[in-house]
Amino acid sequence: MNKNMGNELLIKNGHVIDPANRVNKKCDILISDEKFVEVGRISSLVARRPSLERGTSHGSRVTVIDATGKLVVPGLIDMHVHFREPGDEEEETIASGSAAAVAGGFTSVVCMPNTTPPIEDETDVEYVHRKARKARKTHVYTMGAITKGREGVELAEMGFMSQAGAVGFTDDGRGVQDPAVMLRALKYAQMFNVVIAQHCQDNRIAGSGVMNAGYYSTILGLPGQDGLAEEAMLWRDIQLVKKIKPGTVRYHAQHISTAGSVEIIRAAKKQGLPVTCEATPHHLLLTEKCCAEYDTNYMVNPPLRPEKDIEALKEALADGLIDALVTDHAPHLASEKELEFLAAPFGIAGLECALGLYVKALIEPGIIDWPGLIRLMTERPAKIIGVDKGAMTKGKQADVTIIDPDAEYKIDVNKFRSKSKNCPYHGWKVKGKVVTTIVGGEIRFSAETG
């Protein structure tokens, strides 16, 4: 029996933002036995349940959270994280990554399959789920690899992985280079009604690039990666999606980073194609110029781009073109990131500071508002991966994030729950602090208790 059975949680006086149910007002939330019971004003709740005022209800204990001045939103969803288990547990485990997730306000995350070995069969999927249940922090989903060994040659066991609970497929970190293999993957995914997520990168164009190709790569003497590498594969894949239309195929472009990609996505959506995309904090806040000091914490893939690309991404967000905001949380050891630029791994660890970074990038400049931000971090990603999350609907499992929108704090990587600290935002001042994370009706993180 779940230890929460019979207990109730009342969140009162908060400003509730639930885009899926079109709620944007001050009200209260009652949770019982892990599920949402009521979303309304406390006076009406008490009228039906007078015992709530006494802190007990039908013999149950009622925990009350006063959310005055806070935003109460559906649990945040990050559909792109790397938890490194199995294989590189010294960088991150499912347990440590889950602890970082709830500290960042995320009640659901989707692990990428580029582990060692990759997640490529049903046993691997079940392993991730079992580890997540043991960690007992956030809901952990996983995508399976599109191809065996992520080598882009032979399809992995997509059907069995789908039956085991994989929410999609990707060779993330590598793009599927062979268009025939990608077309076959899309057709298989269509049968199982799951999403194919692509790391758009044509290796023949990208070459050995470690940063954006342009002025700064030239003066730094580093091999550059042209944005065309991303755009060429994205354009190719959309032609493949067209090839199998009509149908239920769902294609998702991961971490788009260029103005050209924005226009390709825009054209695809105008044609009504089932195409979605995501953006990351670093592609909205950082430019290629950050690499000028050879700091590998700015080394990501796709690479940081020029200002014009950042502006195009922000315009796309303002237009509603981008479907999800993700972290692409990619933890690495300090010893790895201390290597020279040509040898260091790509990636930023950013689960625990993502919300504040999105506030800085999008809300403070007035590009989108809080309901718009929450939609991109709850309702929209839930639909892409096909999970019943991202809404505070009566009878659904109660996942909630409580945010203090005015709280300013300094990002301190030394306080991260993640095992890795490879984050370029150390010392940045941001606003928008997660104060409580509730998963399945249970408080899994509180800023007061740590």
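Buried area is the accessible area that two parts lose on being put together, summed over both. In this predicted model, the two parts in question are domain 1, which is made of residues 8–72 together with 396–446, and domain 2, which covers 75–385. Between domain 1 and domain 2 about 3,300 Å² is buried, and carbon and sulfur atoms give 61% of that area.

**Extent of the interface**

- On the side of domain 1, N422, Y425 and R444 supply 19% of the area that this domain buries against domain 2, which is more than any other three residues supply.
- Counted by residues, 37 from domain 1 are in contact with 49 from domain 2.
- The C-alpha centres of domain 1 and domain 2 lie 28 Å apart.

**Polar and charged pairs**

- The count of salt bridges between domain 1 and domain 2 is 2.
- A salt bridge joins the side chains of E442 and R136, with a distance of 2.8 Å from N to O.
- Between domain 1 and domain 2 there are also 21 residue pairs in polar contact, with both residues of each pair at pLDDT 80 or more.

**The side of domain 1 that touches domain 2**

- The elements that give two or more residues to this side are strand 17 (400–410), strand 18 (429–439) and strand 19 (442–446).
- Strand 18 provides the largest share of the side of domain 1 that touches domain 2, with 8 residues.
- Sorted by class, this side of domain 1 has 19 nonpolar residues, alongside 9 polar and 9 charged ones.

How values were computed. Residues numbered from 1 in each chain as written. Predicted model: local features only at pLDDT ≥ 70, side-chain atom pairs only at ≥ 80, totals over all residues. Heavy atoms only, no water. Domains from an automatic or database assignment. Contact = heavy atoms within 4.5 Å. Buried area = accessible area lost by both parts, 1.4 Å probe. Salt bridge = Lys/Arg side-chain N within 4 Å of Asp/Glu carboxyl O. Polar contact = N/O pair within 3.5 Å; in protein donor to acceptor, adjacent residues only side chain to side chain. Helix = DSSP H or I, 4+ residues; strand = E, 2+ residues; numbered from the N terminus. Nonpolar A, V, L, I, M, F, W, Y, C, P; charged D, E, K, R; others polar.
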